Amino acid sequence: MASGRSGVLELAVLGSLHETPLHGYELRKRLNTILGMFRAFSYGSLYPCLRQLLNDGLIMEDGAGAHASDPPGAPAESPLALPGRRSKIVYKLTAEGKERLQELLTQAGPSAWEDESFGVHFAFFRHTEAEVRLRILEGRRSRLEERLDGVRTALARTRERLDSYTLELQRHGLESVEREVRWLNELIATERRASPAGEEPQPAQEGTSRASTPGEEKPGPQVAPEDN
């Protein structure tokens, strides 16, 4: 499937169906939990994704009885409803779909570190190899540290032009990123402690920078510049 947002949705759908077969309404709820925490999720993008996965042979559909969780008065014209029946289409992974999911779960490059996809990869870490988990976490941390460095450098040149409310808003955003870096430090330390003795996972290759340490003195309140 296409990369970018559709690739993130593909991973989320395949990962959800790997856990259990689902009909569309249940799948929508699960995706809202996974994707809604990290980005806006448009239900209008789900059914085109399902059609593409069906065409690619990665999932299959199977008629099943209506579920108790179905909302009352569900539209009969829904792509999930079988014509003239109350049954729903249940989506399942095929063997090819399981192989594709494993392929997606081994990807640990820059696309897995970005805001758009990191949360979805993280949601399926229990199905991901330890070395891949660590590379994604380190890559995400490096990406955020680069962002912080750039913001602080730009701030030194522009903060005098910002009013106090804008400064507070930008400081809030900056501190949120700093909290995520500290969270990543804790996760990385846990992953390393759990790694088999003698195995040193390779660090992320792109966008690396000096990692923050939990004991390092936190910089004073700083803010991100306005977009010009």
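**Entry 1: ground rules**

I noted that residues are numbered from 1 along each chain as its sequence is written, and that side-chain values use heavy atoms, with hydrogens and water left out. Since the model is predicted, local features need pLDDT of at least 70 and side-chain atom pairs count only at pLDDT 80 or more, while totals for chains, interfaces and linings use all residues.

**Entry 2: the chain as a whole**

I looked up the elements and found 7 helices and 3 strands in the protein chain. Helices (H or I, at least four residues) and strands (E, at least two) are DSSP runs, numbered from the N terminus. Read from the N terminus, their order is α-β-α-α-β-β-α-α-α-α.

I then looked up burial. Buried means under 20% relative accessible area, exposed means over 50%, and partly exposed lies in between (1.4 Å probe, protein chains only). Of the 228 residues in the protein chain, 41% count as buried.

Next came contacts, where contact means heavy atoms within 4.5 Å. Among contacts in the protein chain with a separation of 6 or more, 76% come from residues 24 or more positions apart.

**Entry 3: H2 against H3**

How do helix H2 and helix H3 pack? I found an angle of about 115° between H2 (residues 24-35) and H3 (residues 46-55), with the axes 12 Å apart. Axes here are lines fitted to C-alpha atoms, for helices over the stretch in contact, and angles run from 0 to 180 degrees between N-to-C directions. H2 is therefore roughly perpendicular to H3. For the wording, angles under 35 degrees count as roughly parallel, over 145 as roughly antiparallel, 65 to 115 as roughly perpendicular and the rest as oblique.

The crossing of H2 past H3 is right-handed. A crossing is right-handed if the near helix is turned clockwise from the far one by less than a right angle, and left-handed if anticlockwise.

I listed the residues in this contact: Gly24, Leu27, Arg28 and Leu31 from H2, and Leu46, Tyr47 and Leu50 from H3. By class, the contact of H2 with H3 has 5 nonpolar, 1 polar and 1 charged residues. In this sorting Ala, Val, Leu, Ile, Met, Phe, Trp, Tyr, Cys and Pro count as nonpolar, Asp, Glu, Lys and Arg as charged, and the others, Gly among them, as polar.

**Entry 4: Leu50**

I picked leucine 50, which sits in helix H3. Is leucine 50 buried or exposed? Leucine 50 counts as buried, at 1% relative accessibility. Leaving out residues up to four places away in sequence, leucine 50 touches Val13, Leu27, Ile59 and Tyr91. Leucine 50 and glycine 24 are 26 residues apart in sequence, and their C-alpha atoms are 9.3 Å apart in space.

**Entry 5: Ile89**

Isoleucine 89 is in strand S3 (residues 88-93). I recorded isoleucine 89 as buried, at 8% relative accessibility. From isoleucine 89 to tyrosine 25 it is 64 residues in sequence and 10.0 Å in space, C-alpha to C-alpha.

**Entry 6: H5 against H6**

I turned to helix H5 (residues 115-123) and helix H6 (residues 130-158), whose axes come within 11 Å and cross at roughly 150°. H5 and H6 are therefore roughly antiparallel to each other. The crossing of H5 past H6 is left-handed.

Which residues meet? Asp115, Phe118, His121 and Phe122 in H5 meet Ile136, Leu137, Arg140 and Arg147 in H6. The contact of H5 with H6 has 4 nonpolar, 1 polar and 3 charged residues.

From H6 I checked arginine 147. Arginine 147 is partly exposed, at 33% relative accessibility. Arginine 147 and valine 177 are 30 residues apart in sequence, with 8.8 Å between their C-alpha atoms.

**Entry 7: aromatic rings**

How many aromatic pairs are there in the whole structure? My search gave 4. Rings of Phe, Tyr and Trp (its six-membered ring) pair if their centres lie within 6.5 Å; planes under 30 degrees apart count as stacked, over 60 as edge-to-face and the rest as tilted.

Phenylalanine 118 and phenylalanine 122 make a tilted pair, at 5.9 Å centre to centre and 40° between the planes. Both lie in helix H5, 4 residues apart, about one turn of the helix. Phenylalanine 118 is buried at 5% relative accessible area, and phenylalanine 122 is partly exposed at 27%. The rings of phenylalanine 122 and phenylalanine 125 have centres 4.9 Å apart and planes at 50°, so this pair is tilted. Phenylalanine 125 counts as buried, at 8% relative accessibility.

Ring pairs link Phe118, Phe122, Phe125 and Trp183 into a cluster.
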